[in-house]
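Please look at the sequence and the model together before reading on.

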Amino acid sequence: MSAQDPSDPTPHDPGHSLVVEEATPKLKRPPLYQVVLLNDDYTPMEFVVELLERIFSLDRVQATRVMLEVHTHGRGVCGVYTFEIAETKVAQVMAYARQHQHPLLCTMEEAG
Ligand code: TYC
(Lines give C-alpha, C1' and ligand atoms only; values in the text may rest on other atoms or scores of the structure.)
Protein backbone atom coordinates (compact mmCIF):
# COMPACT_ATOMS: atom_id res chain seq x y z
CA MET A 1 0.00 0.00 0.00
CA SER A 2 1.35 3.50 -0.89
CA ALA A 3 0.18 7.08 -0.27
CA GLN A 4 -1.69 6.81 -3.57
CA ASP A 5 -3.60 3.66 -2.66
CA PRO A 6 -7.32 4.59 -3.10
CA SER A 7 -8.33 1.68 -0.87
CA ASP A 8 -6.38 3.17 2.06
CA PRO A 9 -8.96 5.17 4.12
CA THR A 10 -6.17 7.24 5.74
CA PRO A 11 -3.66 8.14 3.00
CA HIS A 12 -0.47 9.79 4.21
CA ASP A 13 -0.74 12.70 1.76
CA PRO A 14 2.55 14.29 2.85
CA GLY A 15 2.45 18.07 3.27
CA HIS A 16 -1.33 18.32 3.06
CA SER A 17 -2.29 17.30 6.62
CA LEU A 18 -5.43 15.47 5.52
CA VAL A 19 -7.58 14.62 8.56
CA VAL A 20 -10.36 12.07 8.28
CA GLU A 21 -13.02 12.33 11.00
CA GLU A 22 -16.28 10.58 11.64
CA ALA A 23 -19.18 13.01 10.95
CA THR A 24 -21.34 13.69 14.01
CA PRO A 25 -25.07 13.07 13.29
CA LYS A 26 -26.94 16.34 12.65
CA LEU A 27 -30.43 15.03 13.45
CA LYS A 28 -32.13 15.74 16.76
CA ARG A 29 -35.49 14.45 17.94
CA PRO A 30 -38.09 17.25 17.91
CA PRO A 31 -39.49 18.38 21.28
CA LEU A 32 -42.85 16.78 22.09
CA TYR A 33 -45.96 18.48 23.47
CA GLN A 34 -48.80 17.09 25.57
CA VAL A 35 -52.28 18.24 24.61
CA VAL A 36 -54.05 18.78 27.95
CA LEU A 37 -57.80 18.95 28.45
CA LEU A 38 -59.13 20.98 31.41
CA ASN A 39 -62.21 20.32 33.50
CA ASP A 40 -65.24 22.60 33.78
CA ASP A 41 -68.66 22.22 35.38
CA TYR A 42 -70.77 22.63 32.23
CA THR A 43 -69.51 20.57 29.28
CA PRO A 44 -71.46 17.28 29.14
CA MET A 45 -69.42 14.11 29.71
CA GLU A 46 -70.80 12.51 26.54
CA PHE A 47 -69.67 15.50 24.45
CA VAL A 48 -66.13 15.20 25.85
CA VAL A 49 -66.00 11.46 25.09
CA GLU A 50 -67.16 12.06 21.51
CA LEU A 51 -64.64 14.88 21.06
CA LEU A 52 -61.79 12.64 22.29
CA GLU A 53 -62.85 9.90 19.85
CA ARG A 54 -63.16 12.32 16.95
CA ILE A 55 -60.07 14.48 17.39
CA PHE A 56 -57.63 12.12 19.09
CA SER A 57 -58.75 8.85 17.45
CA LEU A 58 -59.32 7.21 20.84
CA ASP A 59 -61.73 4.30 21.17
CA ARG A 60 -64.67 4.62 23.56
CA VAL A 61 -62.85 2.96 26.48
CA GLN A 62 -59.76 5.19 26.14
CA ALA A 63 -61.87 8.33 25.61
CA THR A 64 -64.00 7.57 28.68
CA ARG A 65 -60.85 6.99 30.76
CA VAL A 66 -59.35 10.37 29.73
CA MET A 67 -62.67 12.19 30.27
CA LEU A 68 -62.99 10.73 33.80
CA GLU A 69 -59.36 11.61 34.57
CA VAL A 70 -60.10 15.24 33.61
CA HIS A 71 -63.40 15.22 35.53
CA THR A 72 -61.85 13.86 38.76
CA HIS A 73 -58.35 15.45 38.69
CA GLY A 74 -58.99 18.70 36.81
CA ARG A 75 -56.83 17.89 33.80
CA GLY A 76 -55.80 15.01 31.57
CA VAL A 77 -53.48 14.27 28.65
CA CYS A 78 -55.25 13.55 25.33
CA GLY A 79 -52.08 12.80 23.38
CA VAL A 80 -48.42 13.72 22.77
CA TYR A 81 -47.33 15.28 19.46
CA THR A 82 -44.79 17.50 17.74
CA PHE A 83 -45.46 21.25 18.04
CA GLU A 84 -47.60 21.89 14.97
CA ILE A 85 -49.71 18.75 15.37
CA ALA A 86 -50.35 19.63 19.05
CA GLU A 87 -51.24 23.22 18.07
CA THR A 88 -53.71 21.93 15.46
CA LYS A 89 -55.36 19.52 17.93
CA VAL A 90 -55.82 22.34 20.47
CA ALA A 91 -57.38 24.57 17.79
CA GLN A 92 -59.70 21.73 16.67
CA VAL A 93 -60.85 21.07 20.26
CA MET A 94 -61.54 24.77 20.91
CA ALA A 95 -63.38 25.23 17.59
CA TYR A 96 -65.51 22.11 18.07
CA ALA A 97 -66.40 23.04 21.67
CA ARG A 98 -67.36 26.62 20.68
CA GLN A 99 -69.45 25.39 17.74
CA HIS A 100 -71.50 23.50 20.33
CA GLN A 101 -71.43 26.38 22.84
CA HIS A 102 -69.47 24.50 25.50
CA PRO A 103 -66.81 26.27 27.61
CA LEU A 104 -64.31 23.39 27.33
CA LEU A 105 -60.64 24.45 27.53
CA CYS A 106 -57.61 22.75 26.03
CA THR A 107 -53.93 23.68 26.12
CA MET A 108 -50.51 22.28 25.28
CA GLU A 109 -47.26 22.01 27.23
CA GLU A 110 -43.83 20.64 26.47
CA ALA A 111 -43.58 17.02 27.58
CA GLY A 112 -40.97 16.88 30.38
N1 TYC B 1 -67.06 18.04 34.62
C2 TYC B 1 -67.95 17.85 33.49
C3 TYC B 1 -69.31 17.38 33.97
O4 TYC B 1 -69.45 16.99 35.13
C5 TYC B 1 -67.41 16.82 32.51
C6 TYC B 1 -66.15 17.24 31.85
C7 TYC B 1 -65.12 16.34 31.67
C8 TYC B 1 -65.98 18.54 31.39
C9 TYC B 1 -63.96 16.71 31.04
C10 TYC B 1 -64.81 18.93 30.75
O11 TYC B 1 -62.65 18.35 29.94
C12 TYC B 1 -63.81 18.00 30.59
N13 TYC B 1 -70.31 17.43 33.11
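A polar contact here is a pair of N or O atoms within 3.5 Å; within protein, one of the two must be able to donate a hydrogen and the other to accept it. The model is predicted, and the distances that follow are computed from it.

A polar atom of its side chain lies 3.5 Å from the backbone nitrogen of L104. Apart from its neighbours within four places in sequence, T43 is in contact with V48, H102, P103 and L104. T43 counts as buried, because its relative accessibility is 12% and the cut-off for buried is under 20%.

T43 also faces the ligand through its backbone: a polar backbone atom of T43 is 2.9 Å from a nitrogen atom of the ligand. In N39, a polar side-chain atom lies 2.8 Å from a ligand nitrogen. In H71, an N or O atom of the side chain is 2.9 Å from a nitrogen atom of the ligand. On its own the ligand has 340 Å² of accessible area, and the protein covers 89% of that.

Which residues surround the ligand? They are L37, L38, N39, D40, T43, M45, V48, M67, V70, H71 and L104. By type, seven of the shell residues are nonpolar, three are polar and one is charged. At least two shell residues come from each of β1 (residues 33-38), α1 (45-56) and α2 (60-73). The element that gives the most is α2, with three residues. T43 and L104, linked by the 3.5 Å approach described above, both belong to this shell.

Most residues other than glycine have a negative phi. S57, however, has a positive phi, near 55°. S57 lies in the loop between α1 and α2. Is S57 buried or exposed? It is exposed, because its relative accessible area is 63%, above the 50% cut-off.

Q101 also has a positive phi near 55°. This residue is found in the loop between α3 (83-99) and β3 (105-110). Q101 is exposed too, with a relative accessible area of 69%.

The last stop is the aromatic side chains. How many aromatic pairs does a search of the whole structure find? There are three. One of them joins F47 and Y96 in a stacked arrangement, with 5.2 Å from centre to centre and 15° between the planes. F47 belongs to helix α1 and Y96 to helix α3, so this pair ties together parts that are 49 residues apart in sequence. F47 is buried, with a relative accessible area of 8%. Y96 counts as buried as well, at 11% relative accessibility.

Another pair is formed by F56 and Y81, and this one is tilted: the centres are 6.4 Å apart and the planes are at 35°. F56 lies in helix α1 and Y81 in strand β2 (residues 75-81), so the pair ties together parts that are 25 residues apart in sequence. Both of these residues, F56 and Y81, are buried. Helix α1 thus supplies F47 to the pair with Y96 and F56 to the pair with Y81.

Conventions. Residues are numbered from 1 along each chain as its sequence is written. This is a predicted model: local features need pLDDT of at least 70, side-chain atom pairs count only at pLDDT 80 or more; totals for chains, interfaces and linings use all residues. Side-chain values use heavy atoms; hydrogens and water are left out. A residue is near a molecule or strand if one of its heavy atoms lies within 4 Å of it. Accessible areas come from the Shrake-Rupley method with a 1.4 Å probe; for residues, only the protein chains shown count as cover. Helices (H or I, at least four residues) and strands (E, at least two) are DSSP runs, numbered from the N terminus. Ala, Val, Leu, Ile, Met, Phe, Trp, Tyr, Cys and Pro count as nonpolar, Asp, Glu, Lys and Arg as charged, and the others, Gly among them, as polar. Buried means under 20% relative accessible area, exposed over 50%, partly exposed in between (1.4 Å probe, protein chains only). Contact means heavy atoms within 4.5 Å. Rings of Phe, Tyr and Trp (its six-membered ring) pair if their centres lie within 6.5 Å; planes under 30 degrees apart count as stacked, over 60 as edge-to-face and the rest as tilted.
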